[in-house]
Amino acid sequence: MPSLVLEGGTFRPIFSAGVMDALLDNDIMFPYCIGVSAGITNGISYLSKQKKRNLQVTQTYRNDKRYLGFRNYLKCKSMFGLDFVFDEIPNKLVPFDMETYNKYSGTVLVGVTNAITGKTEYLNGQNLDDKCTMLRATCAIPMVFPPIKINNNYYYDGGICDPIPIRKAIEDGNEKHLIILTRPKEYKKTLSKANVIVSKLLNRKFPKLREPLLARHELYNETVKFCEQLEAEGKAIIIRPTSDQAINSFEKDVHKLKQAYEIGYSIGIERLEDIKKLFQ
């Protein structure tokens with residue numbers, strides 16, 4: 001069984017949305033989908049078979065202050081308007097097709113970081129509620145989002161402890177993989193000042209997050225190398241932008257965002273025959 005593995009990256013996964021729309025146009029539905037942050041959030045619309053929904057949301061609301069802006073901190077302690085992004089948009093403005101999504105018979109896992117234990121958990125995407133609570137959790141970048149409470153536990157961004165959940169996909173029995181990354185091959189993550197600061201600010205309330213935050217760059221780089229090893233062994237296909245195609249996590253220019261989507265779509269079409277072989 002082949003898996004679809006999705007990296008996050010705030011607005012960078014609009015590239016991944018393009019790849020997934022290429023899959024939809026060619027009736028390719030993976031029976032196993034796993035990801036974190038905006039990667040799996042975009043993946044949910046792939047599983048509901050809503051081509052261009054992610055692009056429509058991004059183009060329409062990226063620069064809407066209700067979607068992203070400092071005033072949202074006053075309402076929901078988040079730079080993102082949580083109820084606007086995860087409730088009003090999917091339930092009213094750009095409706096999410098929950099009925100079609102619920103017909104998906106495969107496995108969908110949403111990676112989140114348990115703020116208390118500092119460990120990754122994988123939530124069953126088939127339990128998605130109409131407030132998209134688990135998607136709020138997987139996208140919850142510390143200090144940009146508040147921790148998201150689910151069943152008496154608090155969660156942050158799934159990318160903290162498992163930025164590219166390929167090992168979970170393997171653990172679950174998948175032998176071949178389509179891995180969609182949102183950084184170019186040349187990218188190497190380094191320890192950021194932001195992670196150092198956040199690890200200190202959260203240390204009192206969530207001490208188990210300190211080590212994952214400070215080691216996040218090392219884990220990321222090692223996981224990318226592991227993905228590349230799988231590709232060299234013929235067990236995986238990696239699709240990612242080149243250095244001149246990549247966009248910033250908080251890209252504001254909707255033209256660049258659309259271009260990233262179109263590049264992802266084009267690469268998806270180019271790699272169709274290779275992708276189909278994953279199912280053989």
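Two strands are taken to pair if DSSP finds at least two bridges between them, and strands themselves (E, at least two residues), like helices (H or I, at least four), are DSSP runs numbered from the N terminus. By this criterion, β3 pairs with strand β4 (residues 120–124) in the antiparallel sense over five bridges. The structure is a predicted model, in which local features need pLDDT of at least 70 and side-chain atom pairs count only at pLDDT 80 or more, while totals for chains, interfaces and linings use all residues. Residues are numbered from 1 along each chain as its sequence is written, and side-chain values use heavy atoms, with hydrogens and water left out.

Turning to the helices, α1 (residues 14–25) has 12 residues, which should span 16 Å at 1.5 Å a residue; the end C-alpha atoms are 17 Å apart, in agreement. The expected span is 1.5 Å times one less than the number of residues in the helix. Helix α1 is mostly covered, with 11 of its 12 residues buried; among them are Ile14, Phe15, Val19, Met20 and Asp21. Asp27, which follows α1, has a positive phi near 55°.

Aromatic contacts come next. Rings of Phe, Tyr and Trp (its six-membered ring) pair if their centres lie within 6.5 Å; planes under 30 degrees apart count as stacked, over 60 as edge-to-face and the rest as tilted. The whole structure holds 13 such pairs. In one of them, the rings of Phe11 and Phe80 have centres 6.4 Å apart and planes at 35°, so the pair is tilted. Phe11 lies in the loop between β1 (2–6) and α1, and Phe80 in the loop between α4 (72–76) and α5 (82–93), so the pair ties together parts that are 69 residues apart in sequence. Phe11 is buried at 6% relative accessible area, and Phe80 is buried at 7%. Tyr61 and Phe84 form an edge-to-face pair, 5.5 Å centre to centre with 80° between the planes. Since Tyr61 lies in helix α3 (residues 53–61) and Phe84 in helix α5, this pair ties together parts that are 23 residues apart in sequence. Tyr61 is buried, with a relative accessible area of 10%, as is Phe84 at 6%. Phe11 and Phe80 also belong to one aromatic cluster with Tyr67, Phe145 and Phe250.

Side chains of opposite charge can pair when their charged atoms come close. With a salt bridge defined as a side-chain nitrogen of Lys or Arg within 4 Å of a carboxyl oxygen of Asp or Glu, the search of the whole structure finds 14. Glu7 and Arg12 meet in one of these, at 3.6 Å from N to O, and both residues are buried. Asp274 and Arg271 form another, with the closest N and O atoms 3.0 Å apart; Asp274 is partly exposed at 31% relative accessibility, and Arg271 is partly exposed at 24%. In helix α13 (residues 272–277), Lys276 and Glu273 lie three residues apart, about one turn of the helix, and their side chains meet in a salt bridge of 3.6 Å, N to O. Lys276 is partly exposed at 36%, whereas Glu273 is exposed at 52%. Finally, a network of salt bridges links Lys168, Glu171 and Asp172.

Definitions and conventions: Buried < 20%, exposed > 50% of the residue type's maximum accessible area, 1.4 Å probe, protein only.
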